[in-house]
Amino acid sequence: MKSMVLREIRKAEEEPLVMEDLDTPEPSENQILIRITSSGVCRSNLHMIEGDWVQNGVPARLPIIPGHEVIGRVEKVGENVDYFRKGDLAGVQPLWTACGRCEYCLSGRENLCPNKQVTGETLDGGYSEYMLADARYAYRIPAGIDETRDAPLFCPGVTAYRAVKQARLGPAKEVFIFGVGGVGHLAIQFAKLSGARVTAVSTGERHRDLALRVGADDVIDPGRDYSGISKFSRAADRAIVFAPSQAAIDAALKTLKPGGRLVLGVFGGASSIPFVDEIEIVGSVIGTRKDMNEVLRLASTGKVRIEAERYRLDQANEVLLRLKRGQINGRAVLNP
């Protein structure tokens with residue numbers, strides 16, 4: 001099988017991935033082999049490939065095949081697999097598997113399992129023609145979903161959905177969403193389904209157009225240093241941050257009313273919080289199997305849609321560089 005392999009940490013400008021012809025793996029117990037039809041390219045893939053998260057143990061090993069949002073056709077099934085048959089459409093999200101025994105797994109929070117395996121970070125992922133998946137953590141794809149385009153439902157989709165749930169929105173709420181990219185353009189759509197008024201915060205005309213196209217009520221360009229956000233002080237009930245910038249987090253805090261809630265979908269923190277305002281800060285990371293199935297149901301009925309640019313598998317290095325330069329509109333998808 002042809003795969004784009006990361007063998008050493010390198011910058012996107014240095015074409016870090018190498019196309020290799022590898023043996024196609026065989027599924028073992030509880031596993032399925034998927035022939036991939038689409039694999040999304042995530043900014044976290046870029047962070048991993050360039051070594052930004054080495055201190056956090058990501059990637060867990062080298063060489064590795066990146067990619068953690070995947071749709072494909074089941075090619076083979078292993079022992080004890082009764083949920084999938086050859087030819088079924090299946091999807092895989094970053095949560096490749098979890099232990100099933102810890103307090104988090106037993107309380108429906110398997111995304112927090114300390115022993116989880118992460119697609120494309122601890123195990124080989126979707127920048128390939130084939131990949132293995134744990135059938136217990138893979139998903140049947142309902143009608144109405146495009147197998148060649150909609151792989152991003154399995155990372156930005158579930159990530160955005162859980163973050164919006166964490167924000168506790170409703171028809172009377174005003175939410176500011178920082179970052180209009182692969183995750184942000186889906187968060188706007190999920191937030192609109194709650195009835196909230198949505199303001200997108202992003203730089204660049206392309207992102208402004210994307211935000212309005214998917215339903216944002218307003219778009220703010222705060223400038224690269226986010227200084228332009230000051231005029232919106234205490235305007236929001238909720239703020240959700242997907243922009244990978246401490247400046248964005250600091251700006252989001254300033255937009256919140258007393259009693260507001262900040263949801264972080266990126267690394268960062270708050271250096272100073274006025275306790276008298278009773279601001280809440282929560283993190284949000286990927287999503288559970290319940291979250292993922294809810295996303296699929298919404299997408300299958302057309303209530304949310306992916307804005308995606310499609311590329312060949314051998315263009316993965318080009319895509320990573322375009323992503324780094326902010327030249328991807330919505331999400332990029334590789335079609336092996």
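Within the largest nonpolar core, which has 43 residues, L153, I177, I188, F190 and I240 touch the most other members. Such a core is a set of buried Ala, Val, Leu, Ile, Met, Phe, Trp, Tyr and Cys residues joined through side-chain atoms within 4.5 Å, where buried denotes under 20% relative accessible area, exposed over 50% and partly exposed in between (1.4 Å probe, protein chains only). The model is predicted: local features need pLDDT of at least 70 and side-chain atom pairs count only at pLDDT 80 or more, whereas totals for chains, interfaces and linings use all residues. Residues are numbered from 1 along each chain as its sequence is written, and side-chain values use heavy atoms, with hydrogens and water left out.

I240 touches A163, V164, A167, V175, F176, I177, F178 and V263 (heavy atoms within 4.5 Å), not counting residues up to four places away in sequence. Apart from this core lies another, of 27 residues, including M48, I65, A316 and L323.

The axes of helix 2 and helix 6, lines fitted to C-alpha atoms over the stretch in contact, with angles from 0 to 180 degrees between N-to-C directions, come within 9 Å and cross at roughly 105°. Helix 2 is therefore roughly perpendicular to helix 6, a class that spans 65 to 115 degrees. Helices are DSSP runs (H or I, at least four residues), numbered from the N terminus. Helix 2 contributes G157, V158, Y161, R162 and K165 to the contact, and helix 6 contributes K290, D291, M292, E294, V295 and L298.

How values were computed. Helix = DSSP H or I, 4+ residues; strand = E, 2+ residues; numbered from the N terminus. Parallel < 35°, antiparallel > 145°, perpendicular 65-115°, else oblique.
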